[in-house]
Amino acid sequence: MASEEQVRASHILIKHEGSRRKASWKDPDGRIISATTRDAAVRQLHALRDDILAGKVRFEDVAARHSDCSSAKRGGDLGCFGRGQMQKPFEEATFALKVGEMSNIVDTDSGIHIILRTG
């Protein structure tokens, strides 16, 4: 039997009022997250993505500063994972990327993400 296909990725997560868990390392009480609409989160993530694509900032620096995921302390690095380990939309988007490629906006129950496939 062949070993399961694995990918490695980093991401930037922006939580919003519709996220399943309305707290993060930078907003432990969830006050900001609960007051953030999905549209506002999408606008913020699009602006950050544009800055990364324009070369103004590095993905890992943006993740460290803006991501609502605890992976922010690792520049957004989630390490390696296989199928069935992440929420379906996140998994599908990551496996569809080529190494070095960045996704557009990806919606999950956790919030909205941009994903950078690193391996």
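Modeller: Rings of Phe, Tyr and Trp (its six-membered ring) pair if their centres lie within 6.5 Å; planes under 30 degrees apart count as stacked, over 60 as edge-to-face and the rest as tilted. Before we use that, note that this is a predicted model, where local features need pLDDT of at least 70, side-chain atom pairs count only at pLDDT 80 or more, and totals for chains, interfaces and linings use all residues. Residues are numbered from 1 along each chain as its sequence is written, and side-chain values use heavy atoms, with hydrogens and water left out.

Colleague: How many aromatic pairs does a search of the whole structure find?

Modeller: One. The ring centres of phenylalanine 81 and phenylalanine 90 are 6.2 Å apart and the planes are at 45°, so the pair is tilted.

Colleague: Are phenylalanine 81 and phenylalanine 90 buried or exposed?

Modeller: Buried means under 20% relative accessible area, exposed over 50%, and partly exposed in between, with a 1.4 Å probe and protein chains only. Both phenylalanine 81 and phenylalanine 90 are buried.

Colleague: Which residue lies over the face of phenylalanine 95?

Modeller: A charge sits over a ring if NZ of Lys or CZ of Arg is within 6 Å of the ring centre and within 35 degrees of the ring normal. Here arginine 83 lies over the face of phenylalanine 95, at 3.8 Å from the ring centre.

Colleague: Now the strands. Which strands pair with E1?

Modeller: Helices (H or I, at least four residues) and strands (E, at least two) are DSSP runs, numbered from the N terminus. Two strands pair if DSSP finds at least two bridges between them. E1 (residues 6-14) pairs with E2 (residues 77-82) over four bridges, in the antiparallel sense. Six bridges join E1 to E4 (residues 111-117), again antiparallel. For landmarks, glutamine 6 has glycine 82 in E2 as its bridge partner, and serine 10 has leucine 116 in E4.

Colleague: How many of the nine residues of E1 are buried?

Modeller: Seven. Take alanine 9, which is in E1. Alanine 9 counts as buried because its relative accessibility is 0%. Contact means heavy atoms within 4.5 Å. Leaving out residues up to four places away in sequence, alanine 9 touches several others, including Gly76, Phe81, Thr94 and Ile115. Thr118 is also one of its contacts. The C-alpha atoms of alanine 9 and threonine 118 are separated by 5.0 Å, although they are 109 residues apart along the chain.

Colleague: Which residues have the most contacts inside the largest nonpolar core?

Modeller: In soluble globular proteins, nonpolar side chains tend to be buried together. A nonpolar core is a set of buried Ala, Val, Leu, Ile, Met, Phe, Trp, Tyr and Cys residues joined through side-chain atoms within 4.5 Å. The largest has 14 residues, and Ile12, Leu45, Ile52, Phe59 and Ile114 have the most contacts inside it. E1, H2 (38-53), H3 (59-66) and E4 each supply at least two of its residues. H2 gives the most, with five residues. Apart from this core lies another, of nine residues, among them Phe81, Ala93, Leu97 and Ile115.

Colleague: What covers the buried residues of H4?

Modeller: The buried residues of H4 (residues 88-96) are Phe90, Glu91, Ala93, Thr94 and Phe95. Their cover includes E1, E2, E3 and E4.

Colleague: Last one. With which side chain does the side chain of threonine 108 make a polar contact?

Modeller: A polar contact is a pair of N or O atoms within 3.5 Å; within protein, one must be able to donate a hydrogen and the other to accept it, and residues adjacent in sequence count only if both atoms are side-chain atoms. The partner is histidine 113, at 2.8 Å. Threonine 108 is in E3 (residues 106-108).
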